[in-house]
Amino acid sequence: MECSEKTLRNARQIALVGLIAAGVILRLAQYLHNREFWADEAYLAVDVIDMSYRELAGFLHYNMTFPLGFLFAIKFVTNLCGHSEYAFRLLSLLTGTLSVFLFATLATRLLLPREKCKSDPPGAWLAILVAVALFAFGKHLIYYSSELRHYSLDIAAACALYLVVLPTVGTDAWNRSHVCRTMVLGAAGAVVVWFSLTRLFILAWITTVQL
């Protein structure tokens, strides 16, 4: 019986790895398709090419607004890799790919206990696999992993913040490491706000819950 349960768990883990791999492959395929810039991407690319780091910290042309850290990161990457569509979209690909791993980790942490329980809750693995599948195959998540926008960075940042603050289900991890989590969250929040403006809402929620 125990061997059968172990075999079933291994099969579920293999399915999870397969979903993660599929999500990564789809994002890479979309990136390699290398479609031409559309208007807003082209406007941002022109600003990144023509403006210095100091100028990027001011007002951009074409009435666009982006997180300062995102602009600096794109400027740094394109200075190293050139001004092709691939270079401009590389950060989106990396953060979009990272978000698949982060989301799968988050779903597993939320739904599977690590202590005080020898067997998985009924339906936990099904919920994990469905959630990861929806994330991995979400067309908008795939699309924005190959676009000169900060949206995939927003998603990766959100998953990372939740992973920092959420304890493992069914454990006393929160009580044991509350101070450490608070310090890590503060440091992560101080960095993330430079790369993702929308993460301010998540930080506000987390702070409210902590208080």
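Visitor: In this predicted model, which residue forms a salt bridge with Asp 40?

Guide: Side chains of opposite charge can pair when their charged atoms come close. In this predicted model, the closest N and O atoms of the pair in question are 3.2 Å apart, which is within the 4 Å that a salt bridge requires. The partner with which Asp 40 forms this salt bridge is Arg 149.

Visitor: How many residues apart in sequence are the parts that Asp 40 and Arg 149 tie together?

Guide: Asp 40 lies in helix H2, whereas Arg 149 lies in the loop between H7 and H8. Because the two residues sit in these separate elements, the pair ties together parts of the chain whose separation in sequence is 109 residues.

Visitor: Is Arg 149 buried or exposed, and how does Asp 40 count?

Guide: A residue counts as buried when its relative accessible area is under 20%, and as exposed when that value is over 50%, with partly exposed in between. Asp 40 has 26% relative accessibility, so it falls in the middle class and counts as partly exposed. Arg 149 has a relative accessible area of 6%, and therefore Arg 149 is buried.

Visitor: How many salt bridges does a search of the whole structure find?

Guide: Besides the pair of Asp 40 and Arg 149, Glu 41 forms a salt bridge with Arg 89, with the closest N and O atoms 3.0 Å apart. Glu 147 also forms one with Arg 35, where the closest N and O atoms are 3.2 Å apart. The search of the whole structure gives a total of three.

Visitor: What is the relative accessibility of Glu 147, the partner of Arg 35?

Guide: Arg 35 has 17% relative accessibility, which is under the 20% cut-off, and so Arg 35 counts as buried. Glu 147 also counts as buried, because its relative accessibility is 2%.

Visitor: Where is Asn 34 found, and what is its phi?

Guide: Asn 34 is found in the loop between H1 and helix H2 (39–50), and at 26% relative accessibility it counts as partly exposed. Most residues other than glycine have a negative phi. Asn 34 is a residue other than glycine with a positive value, and its phi is near 55°.

Visitor: What is the volume of the largest cavity?

Guide: A search of the whole structure finds one cavity of 30 Å³ or more. The residues of its lining divide into three nonpolar, four polar and one charged, and they include Arg 27, Phe 135 and Ser 152. Helix H5 (85–111) and helix H8 (151–165) each supply at least two residues of this lining, and the volume of the cavity is about 40 Å³.

Conventions: Residues numbered from 1 in each chain as written. Predicted model: local features only at pLDDT ≥ 70, side-chain atom pairs only at ≥ 80, totals over all residues. Heavy atoms only, no water. 1 Å grid on protein atoms, 1.4 Å probe; cavity = no way out; pocket = protein on both sides within 12 Å on 5 of 7 lines; lining within 4 Å. Points joined across faces, edges and corners; volume = space filled by probe spheres on them. Helix = DSSP H or I, 4+ residues; strand = E, 2+ residues; numbered from the N terminus. Nonpolar A, V, L, I, M, F, W, Y, C, P; charged D, E, K, R; others polar. Buried < 20%, exposed > 50% of the residue type's maximum accessible area, 1.4 Å probe, protein only. Salt bridge = Lys/Arg side-chain N within 4 Å of Asp/Glu carboxyl O.
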